[in-house]
Amino acid sequence: MGARCVARCLVAVLLWSVVSAQLRYSISEEVKEGYVVGNIAKDLGLDKGTLKTRKCRIVSGGTDPLFHVNQNDGVLYVNRTVDREVVCGQSSSCLINLKILLENPLEVHNIEVEVLDINDHSPSFPETEKTLEISESVLPGARFQLKPSGDPDSGHLSVQQYRLTPNEHFRLEVRDKGKYGKIPILVLQKSLDREAAQSHTLVLTAMDGGKPPKSGDMNIIVNVLDVNDNTPIFSKEIYSVTLKENAPVGTKIIQVNATDLDDGQNGEVVYSFGNSVSDSLFRLFAINQSTGEITVKDRIDYEQNDKYEIEIQASDKGFAPLTAEKSVIITMIDVNDNVPEIELTSFSSSIPEDSRIGTTVALMSVNDLDSGLNGKVICSISEDVPFALSPSLQDKMFSLVTKSLLDREKQSQYKLTITAKDAGQPQLSSEKTISIVVSDINDNRPEFLVKPYIFYVLEGNEPGTSVFSVKAFDRDENENELISYHIIRHGSNEYKLTSFLNINSETGDIVALKSFDFETLKTFQFHVVATDSGTPSLSSNVTVNVFILDQNDNPPVILYPVSSNGSAEGVEEIPRNVNAGHLVTKVRAYDADIGYNGWLLFSLQEVTDHSLFGLDRYTGQIRTLRSFTETDEAEHKLVILVKDNGNVSLSATATVIVKLVEPKEAFAASDVKSAAKYDEDNNVTFYLMITLGSVSVLFLVSIIVLIAMQCSKSTDYTSKYLQETNYDGTLCHSIQYRSGDKRYMLVGPRMSIGSPIVPGSHANTLVLPGRRRASEEVRHVCVNFSLFSLLPQLLMK
């Protein structure tokens with residue numbers, strides 16, 4: 001027996017390699033636990049050393065599998081005793097399908113194990129003794145069907161023949177009914193004579209095809225009855241009907257009809273199932289004894305059996321009943337009553353976002369117990385996700401793979417609903433929901449909120465305090481999103497100022513270690529780098545432009561009269577006979593601040609006679625308001641207040657003593673003074689001409705540069721707020737911005753400290769009608785302001 005099994009295994013392996021492309025082994029039933037079925041590693045060409053790391057195993061839904069695989073050598077063993085009759089019943093062939101699963105990479109191999117039957121059961125009859133009552137009027141040739149013997153073994157090891165004890169009245173006939181087995185029929189070959197013998201005892205022996213054969217006996221007692229010589233006759237030769245599975249209990253299937261020519265009870269027919277009907281059919285079907293109507297008694301499942309053949313027996317009510325048998329064939333119609341089932345055989349719940357297209361996420365199998373279109377299953381994913389189901393080479397196996405690139409920053413988790421639908425009517429479906437987490441990789445650089453940063457800081461800031469801050473964000477997560485900041489520091493002079501700046505590496509707050517002075521430094525630039533904590537780390541940098549805003553921290557300085565001992569005082573002599581409008585002198589002053597902070601206004605703080613002298617508010621010129629009279633004092637004191645236009649004005653005073661002299665004295669003094677200062681006036685005039693010429697040249701160059709810049713720019717503004725390009729410390733300090741269809745120029749330091757300028761209102765604001773024209777007007781105003789501040793300083797006496 002062992003050599004024959006080995007030979008069958010070798011033949012099965014050869015057939016697999018040539019025809020079916022899958023392993024097939026054969027074993028005999030009742031082999032003990034630990035029996036070696038075969039070496040799957042060798043037969044599949046697998047590396048034995050990787051079986052354990054690849055988690056080689058048998059995929060089985062049961063809690064007590066029949067087989068197991070040794071992960072060390074790939075040998076397939078029997079896990080427990082295999083009883084073929086329990087596993088496969090009386091099927092002609094008993095095949096057990098195994099799925100061998102390996103991971104990394106995922107592989108599924110189908111293996112079939114054929115369980116060979118052995119003759120381990122003896123035939124047995126449902127009853128050990130059978131009593132037949134046969135009328136003596138029964139003619140030779142009458143047939144009496146007996147219940148067949150059962151044998152759990154299959155094929156030739158099941159019941160193969162019957163043997164009846166020799167006698168003169170009966171012979172044995174055997175009808176082969178295929179899967180229903182062989183039916184013994186007792187045939188009367190000689191008429192019975194009740195007066196000769198009232199009963200006969202026979203022994204029916206059933207034998208299987210084993211070597212040696214096994215057998216079972218049933219005693220048959222034949223009681224001879226008196227005359228009832230007509231048997232019932234069925235109305236049809238063949239009864240055939242179709243029935244849908246799951247038909248409700250009580251459903252009428254078919255009605256048989258038989259008649260008997262006898263009178264009285266000998267002609268009344270009753271119906272019953274024949275002796276060959278198994279117990280399972282008794283559970284499913286019922287027959288009405290009076291009408292012959294066959295009905296459904298219990299739920300019928302097409303998947304268990306698609307066809308039934310029932311023997312119906314019609315008997316009369318005679319003292320010695322006569323019977324007739326007829327088969328009713330019931331063909332089942334499959335209905336779509338089984339929902340497809342989805343089983344995950346392998347699943348990875350987390351997948352990196354840089355996974356390639358086609359990466360396998362899960363393996364699954366689907367199954368539907370229905371047949372035909374009702375058992376045809378289609379799997380799909382309803383959501384629009386970057387995953388797809390790919391059919392496997394094995395039937396009803398699918399793999400879930402990526403169909404496009406993943407991006408955790410767009411979506412970090414997917415909840416997939418896998419739907420399995422059959423092709424039946426009505427269509428049945430089932431769903432399985434799985435969650436897939438997309439794990440992060442460091443693929444995003446830090447991004448600054450603003451590029452570039454522009455900050456405005458008032459001069460005179462307190463050292464050691466935060467003046468402004470930068471902020472970046474990273475779309476990655478965990479360590480990959482943690483950002484640190486640092487300032488790029490170079491050794492060149494251009495970046496020396498960065499040594500006075502410190503940045504908080506965690507928050508991006510920038511602290512100035514020194515106080516800025518607008519008059520010394522007006523603007524500077526540096527770079528900040530943001531670096532994440534990923535591996536490898538990614539970084540980005542941003543340019544930070546800092547503009548120092550002027551404060552009114554410089555008081556006006558009197559240039560004339562010349563200051564002496566802390567006070568500015570001068571004496572002017574004029575003839576008494578001058579007319580109204582005569583220029584007495586001019587007070588000259590300057591302010592180191594810019595804009596309104598450096599715009600000086602002159603006013604008479606103190607004067608002896610308000611009717612004699614007048615002071616120009618803007619130029620500081622002192623002129624006579626009328627001619628002098630004899631009664632006017634000879635000496636007049638004028639105290640002039642010079643103040644700037646800052647939010648908190650700063651001021652200085654100058655004192656001018658005006659002395660009235662006779663015309664001759666004034667003329668002489670004038671000659672002496674003119675001769676003494678002739679060279680000085682020439683020098684002043686020369687410097688003034690140079691200054692005016694330089695300012696004119698700068699003005700023309702500025703206009704040309706401005707036109708070139710405007711022509712090169714796009715008409716669309718990239719920002720609502722436009723920084724004035726001529727931020728060079730002159731009197732014209734302005735910021736331009738847009739509001740609707742209008743453009744505005746904000747004059748003076750009216751902005752928040754430590755942050756980009758945010759115009760709040762249109763106070764002290766020039767409305768600019770058009771871009772180029774507005775720019776030219778701004779330039780023009782700036783030049784005028786510059787000239788206005790320079791002239792008082794240059795036109796010194």
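**View 1. Ile312 and its surroundings in the predicted model.** Leaving out residues up to four places away in sequence, Ile312 touches Phe234, Val256, Ser272, Phe273, Gly274, Ile287, Ile294, Ala324, Glu325, Lys326 and Val328; a contact here means heavy atoms within 4.5 Å. Ile312 is also one of the residues with the most contacts inside the largest nonpolar core, together with Phe234, Ile253, Phe285 and Ile330. That core has 29 residues. A nonpolar core is a set of buried Ala, Val, Leu, Ile, Met, Phe, Trp, Tyr and Cys residues joined through side-chain atoms within 4.5 Å. Buried means under 20% relative accessible area, exposed means over 50%, and partly exposed lies in between (1.4 Å probe, protein chains only). Among the elements that give two or more residues to this core are strand 17 (252-255), helix 4 (279-284), strand 22 (307-316) and strand 23 (323-333). A second, separate core of 28 residues includes Ala472, Ile503, Ala530 and Val546. In soluble globular proteins, nonpolar side chains tend to be buried together.

**A note on reading the views.** Residues are numbered from 1 along each chain as its sequence is written. This is a predicted model in which local features need pLDDT of at least 70 and side-chain atom pairs count only at pLDDT 80 or more, while totals for chains, interfaces and linings use all residues, and side-chain values use heavy atoms, with hydrogens and water left out.

View 2. The strands follow the order 24-26-29-28, and their pairing is antiparallel. Strand 24 (341-347) and strand 28 (387-391) stand at the edges with a single partner strand each, so one side of each has no neighbour in the sheet. On average, neighbouring strands of this sheet are turned by 30 degrees against each other, direction ignored; the axes are lines fitted to C-alpha atoms, for helices over the stretch in contact, and angles run from 0 to 180 degrees between N-to-C directions. Helices (H or I, at least four residues) and strands (E, at least two) are DSSP runs, numbered from the N terminus. Two strands pair if DSSP finds at least two bridges between them.

**View 3. Strand 29 and its partners.** Strand 26 (residues 360-367) and strand 29 (residues 397-402) run antiparallel and are joined by 5 bridges. Look for Met364, whose bridge partner in strand 29 is Phe398. Strand 28 also pairs with strand 29 in the antiparallel sense, over 5 bridges, and here Ser390 has Ser399 as its bridge partner. Is strand 29 mostly covered or uncovered? Mostly covered: 6 of its 6 residues are buried. Met397, Ser399 and Val401 lie on one side and Phe398, Leu400 and Thr402 on the other.

**View 4. Asn79 in its loop.** Asn79 lies between strand 5 (75-78) and helix 3 (84-88). Asn79 is partly exposed, with a relative accessible area of 22%. Its side chain reaches the backbone oxygen of Pro65 at 3.1 Å, and a polar contact of 3.2 Å joins the side chains of Asn79 and His68. A polar contact is a pair of N or O atoms within 3.5 Å; within protein, one must be able to donate a hydrogen and the other to accept it, and residues adjacent in sequence count only if both atoms are side-chain atoms. Asn79 and Leu66 are 13 residues apart along the chain, and their C-alpha atoms are separated by 5.0 Å.

**View 5. Ser430 in strand 31.** Ser430 belongs to strand 31 (residues 429-439) and is buried, with a relative accessible area of 15%. A polar atom of the Ser430 side chain lies 2.5 Å from the backbone oxygen of Pro340. Leaving aside neighbours within four places in sequence, the contacts of Ser430 include Val339, Glu341, Ile418 and Thr419.

**View 6. The hairpin of strands 6 and 7.** Strand 6 and strand 7 (residues 107-116) run antiparallel, joined by 8 bridges, and Leu95 stands opposite Glu114 in strand 7. The hairpin has 4 residues between its strands, and Asn104 in the turn has a positive phi of about 55 degrees. Strand 3 (residues 57-59) pairs with strand 6 (residues 95-102) in the antiparallel sense over 3 bridges.

**View 7. Confidence along the chain.** The mean pLDDT of the protein chain is 79, and 81% of its residues reach 70 or more; pLDDT is the predictor's confidence in each residue, from 0 to 100. Over residues 671-678 the pLDDT is below 50. Residues 713-797 stay under 50 as well. Where pLDDT is low, the predicted coordinates should not be read in detail.
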